Amino acid sequence: MLRIGGGVRPADPFTWEATIRMQIRVATVRDLAAVISCTDLAFAPHEARADENVIKHDGELTAQLRDGAIHLICDGPRVLGYISLCPVAQHLYIDRIAVLPKLQGRGLGGQLLAFAEREASRLGLSSLRLFTKAAMASNLLFYRRRGYHETGRCDDDGFCRVFYSKDVATPAM
């Protein structure tokens with residue numbers, strides 16, 4: 001730890017700077033390469049058919065970028081992660097959340113989920129919904145620790161999907 005202006009500064013300068021300049025913003029089509037790179041890095045350890053997924057998510061991500069559905073968490077110009085959101089009925093569906101592997105476990109995913117909760121509330125939606133693969137045990141714990149409750153499971157193309165939901169407070173009208 002380094003002492004700076006009476007405070008304690010983490011020895012890792014990336015952690016310190018990221019804490020100071022962190023922002024969440026809407027992604028644009030110009031961010032496509034950074035979003036694809038983040039996706040590939042974040043999900044590579046979990047993807048069995050990586051070549052198929054690259055082609056699939058390229059088109060899917062481009063459409064989401066055009067729709068304004070992807071929000072980036074950035075440190076200045078660096079994209080550190082993202083969340084893609086889609087309102088469906090009275091829910092805000094979290095299609096994907098990804099954080100660069102070297103930054104996982106530092107609270108960025110939690111910040112993105114908190115942002116999604118604020119968005120759902122702002123839009124007057126009653127809950128957040130998402131699913132993850134059961135084989136990704138760290139994800140199951142991650143969502144439970146943040147107040148999500150399991151609503152079901154199903155087999156989808158050889159993968160066990162786990163569905164989660166979290167109610168959010170809607171603003172009083």
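Modeller: Let's start with a word we will need: a residue is buried when its relative accessible area is under 20%. Keep in mind that this is a predicted model.

Biologist: Thanks! How many of the residues in the chain count as buried?

Modeller: Of the 173 residues in the chain, 39% are buried, so each of those falls under the 20% cut-off.

Biologist: And what makes up the chain, in helices and strands?

Modeller: The chain has five helices and nine strands. Starting at the N terminus, their order is β-β-α-β-α-α-β-β-β-α-β-α-β-β.

Biologist: How do you know which contacts join residues at least 24 apart in sequence?

Modeller: Two residues are in contact when heavy atoms lie within 4.5 Å. Take the contacts between residues at least 6 apart in sequence: 61% of them join residues at least 24 apart.

Biologist: Now the second largest pocket. What makes a residue part of its lining?

Modeller: A lining residue has an atom within 4 Å of a pocket point. The second largest pocket has 15 such residues, with Gly 68, Ala 69, Leu 85, Cys 86 and Pro 87 nearest its centre. Its volume is about 210 Å³.

Biologist: Which element gives the largest share of that lining?

Modeller: Strand E5 does, with four residues. Helix H3 (50-67), strand E5 (78-88), strand E6 (91-99) and helix H4 (108-122) each give at least two.

Technical notes: Residues are numbered from 1 along each chain as its sequence is written. This is a predicted model: local features need pLDDT of at least 70, side-chain atom pairs count only at pLDDT 80 or more; totals for chains, interfaces and linings use all residues. Side-chain values use heavy atoms; hydrogens and water are left out. Buried means under 20% relative accessible area, exposed over 50%, partly exposed in between (1.4 Å probe, protein chains only). On a 1 Å grid over the protein atoms alone, a cavity is a set of points where a 1.4 Å probe fits but cannot get out, and a pocket is an open set with protein on both sides within 12 Å along at least five of seven lines; lining residues have an atom within 4 Å of a point. Grid points are joined across faces, edges and corners, and a volume is the space filled by probe spheres set on the points.
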